[in-house]
Amino acid sequence: DRDVTGVQTCALPIYQVVAPKNPAIALLLSFFLPGVGTMVNGNVGRGILILALYVVGWVLSIILIGIPVLIGVWIWGLVDAYTSAQNWNRQHGIIS
């Protein structure tokens, strides 16, 4: 191939580099603040939902009904952060 000036050119393939998501980091983030690990993995809407339900659980813990909500949402946040990182990696051809 030659460009408009007549100089020989070579077309190189373009590769897109995708950085893997680390399930352990996502899990650690959600351990301290449920939903943040999910947000880091790209599921912002679900992460905000988990975080909002966690806050609601804290508010409801004043009348004790929020304690099971807190525990349930906290566990959901941990599991979702870890699995969403694994799913993201799998969708991008990365084994984690």
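**View 1. The salt bridge of the structure.** A search of the whole structure finds 1 salt bridge, a term that stands for a side-chain nitrogen of Lys or Arg within 4 Å of a carboxyl oxygen of Asp or Glu. The model is a predicted one, in which local features need pLDDT of at least 70 and side-chain atom pairs count only at pLDDT 80 or more, whereas totals for chains, interfaces and linings use all residues. Residues are numbered from 1 along each chain as its sequence is written, and side-chain values use heavy atoms, with hydrogens and water left out. The salt bridge joins the side chains of arginine 46 and aspartate 80, at 2.6 Å from N to O, and it links distant parts of the chain, with arginine 46 in helix α3 and aspartate 80 in helix α4, 34 residues apart. Aspartate 80 counts as buried because its relative accessibility is 8%, while arginine 46, at 37%, counts as partly exposed; buried means under 20% relative accessible area, exposed over 50%, and partly exposed in between (1.4 Å probe, protein chains only).

**View 2. The overall fold.** The protein has 4 helices and 0 strands, and its elements run α-α-α-α from the N terminus on; helices (H or I, at least four residues) and strands (E, at least two) are DSSP runs, numbered from the N terminus. Of the 96 residues in the protein, 26% are buried. The accessible surface comes to about 6,700 Å², of which 72% belongs to carbon and sulfur atoms, with areas taken from the Shrake-Rupley method with a 1.4 Å probe and, for residues, only the protein chains shown counting as cover. Among contacts with a separation of 6 or more, 51% are between residues 24 or more positions apart, contact meaning heavy atoms within 4.5 Å.

**View 3. The surroundings of alanine 81.** Alanine 81 lies in helix α4 and is buried, with a relative accessible area of 0%. Leaving aside neighbours within four places in sequence, alanine 81 is in contact with Ala26, Leu27, Ser30, Gly37, Thr38 and Asn41.

**View 4. Aromatic rings.** The whole structure holds 3 aromatic pairs, that is, rings of Phe, Tyr and Trp (its six-membered ring) whose centres lie within 6.5 Å, with planes under 30 degrees apart counted as stacked, over 60 as edge-to-face and the rest as tilted. Tyrosine 54 and tryptophan 58 form an edge-to-face pair, 6.4 Å centre to centre and with 85° between the planes. These two residues are separated by about one helical turn, because they stand 4 residues apart in helix α3. Tyrosine 54 counts as buried at 16% relative accessibility, whereas tryptophan 58, at 49%, counts as partly exposed. Phe31, Phe32 and Trp74 form one aromatic cluster.

View 5. Leucine 64 is found in the loop between α3 and α4, where it has a positive phi of about 70° although it is not a glycine. At 59% relative accessibility, leucine 64 counts as exposed. Isoleucine 65 also has its place in the loop between α3 (44-60) and α4 (66-91). Together with Val56, Leu60, Ile62 and Ile63, Ile65 forms a nonpolar patch on the surface, with about 490 Å² of accessible area together.

Definitions and conventions
Patch = residues over 30% accessible without salt bridge, like charges linked within 9 Å, V, L, I, M, F, W, Y side chains within 5 Å.
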